[in-house]
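These are my notebook entries on one structure. I set down what I looked up, entry by entry.

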Amino acid sequence: MGARNVGRKAMIFSLGAIAVYGHALYPLYVALKSRGHPAEEPEDPDAWPSMSVVISAYREATVIKDKIDELSATGYPGPLEIIVVADDPATAQAARRPGVTVLSAGMRLGKCEAVNRGVATANHDIVVLSDANAHLAPGSLRAAARHFRNPAVGAVAGEKRVDDPAGVQGFYWRFESWLKQCESAIGQTIGVVGEMLAFRRNAFRALPPDVAVDDAWLALDITEAGLRVVYEPSAYSVETASPTYSEEWERRTRVVAGNLDMLWRRREALLPGALPVTPQLWGHRLVRSSFGPIAHVMLIGVSVPAARRSWAARLFLAGNIAGAGSLATMIHGGDPPAPVRLAAQVFFLQAVALGGIRRFLRGERPVAWPKPDRAGSFPSHPAVAVEQGAAAAPRTVREQHGPRSRDMIDSCRRAPVRRYYDRFSRSALGVRLSWPGTPRRGS
């Protein structure tokens, strides 16, 4: 009987560790490992590298003109080429102007094919991928270009910000930004986004047309070539949040299914020591998006019959009920406090992962998905407003964003456990959650 109880407790402990690894244990591991590693702040190059900006666009006729205007006004000091790969005639027509190369097949070929065509047409040393509806911050191209002074750098991942007044989707991307900063501080990151990704053209390998996560596949290609993928928070983009949870569900489950497909097809990269980013592939992607959520469901299944005799099981089930209730409140337009929003977001991410696993097991690999015409115009956003003729770009993260962004990077290196808790709660949630056992100021 004793051996049975020990085995049961070991199983529960293992499931619990797997369930929280991707969201808590792996970030803590990265924070600890990144101690003492200063953030890279490269100097201006003697000669700025030439850049080709490739925009893959489908049904973006209402925003593509303003996107091109934004790029033209960046004041990048080196040669700059703009290439628009438009999969529909209306977007192609709206993008045509002197100095802009427009490629159009007249039919939708998918993101990977669009990227392949754009890179094949590019004439310059560095290629930058960006989306039509993503606002690039002033100085983003310069901030990315500085890193290519180092010949070991093959790609620069930019930061993605979401204009999300409710703070739900924005919380996720702030957490991702913090995690990528820590990963980059210890060598390189695998976390890239298609809204702002720069890479060496001679390191590019044509993407398979049936890949759903083109940016992650490209980053893995760069890493396998022996080059680094570094993170630059000053090269950031801003886009509006998904208007509904159903649209966010569709997008994120598609990405999870695509990531699992990529990891299965490139499973040799998961072998211990295969790549410098193998730990990131496990912690940042695979465990968080598959094993962790499955372990979470198994813990719920174990806790239900144990709830009559275990206070821990009752507490765990109560937390899940609270998370589900918080999520339901937000879906129906409620505005709960920040800690409640955090619980709802974690619960939503776990559900998204399960939905993505289901799509992966059903063989769904959507390289093209239903998309309506982009409504409205390219809105002005104060965080990325570009003045005509404004050329000087901030040299450092501190100059760009003030001390707060540098503090976030420093939190990856100093007193990690408590600062991980304090600083992340302030930056991601907008509130300061007191460290357990710490008296409040003034008390």
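**Entry 1: Arg359 and its partners**

I looked up Arg359 and recorded it as buried, because its relative accessible area is 11%. I take buried as under 20% relative accessible area, exposed as over 50%, and partly exposed as in between, with a 1.4 Å probe and protein chains only. Arg359 forms a salt bridge with Glu364, and the closest N and O atoms are 2.8 Å apart. I count a salt bridge where a side-chain nitrogen of Lys or Arg is within 4 Å of a carboxyl oxygen of Asp or Glu. Glu364 counts as partly exposed because its relative accessibility is 25%. Salt bridges with shared partners join Glu250, Arg254, Arg359, Arg362 and Glu364 into one network.

**Entry 2: Basis of the notes**

I note that the model is predicted, that local features need pLDDT of at least 70 and side-chain atom pairs pLDDT 80 or more, and that totals for chains, interfaces and linings use all residues. Residues are numbered from 1 along each chain as its sequence is written, and side-chain values use heavy atoms, with hydrogens and water left out.

**Entry 3: Other salt bridges**

How many salt bridges does a search of the whole structure find? I recorded 22. I then looked up Lys160, which forms a salt bridge with Glu195, the closest N and O atoms lying 3.1 Å apart. This pair links distant parts of the chain, 35 residues apart: Lys160 is in strand S6 (residues 153-163), and Glu195 is in the loop between helix H6 (168-185) and strand S7 (197-200). I take helices (H or I, at least four residues) and strands (E, at least two) as DSSP runs, numbered from the N terminus. Both Lys160 and Glu195 are buried.

**Entry 4: Helix H8**

Helix H8 (residues 245-265) has 21 residues. From its first C-alpha to its last, H8 reaches 30 Å, close to the 30 Å expected at 1.5 Å a residue; the expected span is 1.5 Å times one less than the number of residues. Among the buried residues of H8 I listed Val256, Ala257, Leu260 and Met262. Glu248 forms a salt bridge with Arg252, the closest N and O atoms being 2.6 Å apart. The two are separated by about one helical turn, because Glu248 and Arg252 are four residues apart in helix H8. Glu248 counts as buried at 2% relative accessibility, and Arg252 is buried with a relative accessible area of 6%.

**Entry 5: Surface patches**

I looked for patches, made of residues with over 30% relative accessible area and no salt bridge, joining like charges within 9 Å and nonpolar side chains (Val, Leu, Ile, Met, Phe, Trp, Tyr) within 5 Å. Arg4, Arg8, Arg308 and Arg309 gather in a surface patch of positive charge. Arg308 lies in the loop between helix H9 (278-306) and helix H10 (311-331), and Arg308 is exposed because its relative accessible area is 76%. Ile294, Val297, Met298 and Leu354 form a nonpolar surface patch with about 310 Å² of accessible area together. H9 gives the largest share of the nonpolar patch, three residues. Met298 is found in helix H9 and counts as partly exposed at 42% relative accessibility.

**Entry 6: Arg59**

Which value does phi of Arg59 take? I recorded it near 60 degrees, positive in a residue other than glycine. Most residues other than glycine have a negative phi. Arg59 lies in the loop between strand S1 (51-57) and helix H2 (64-72), and Arg59 counts as partly exposed at 29% relative accessibility.

Technical notes
Accessible areas come from the Shrake-Rupley method with a 1.4 Å probe; for residues, only the protein chains shown count as cover. Lys and Arg count as positive and Asp and Glu as negative; His and the chain ends are not counted. The place of a charge is taken as NZ of Lys, CZ of Arg, CG of Asp or CD of Glu.
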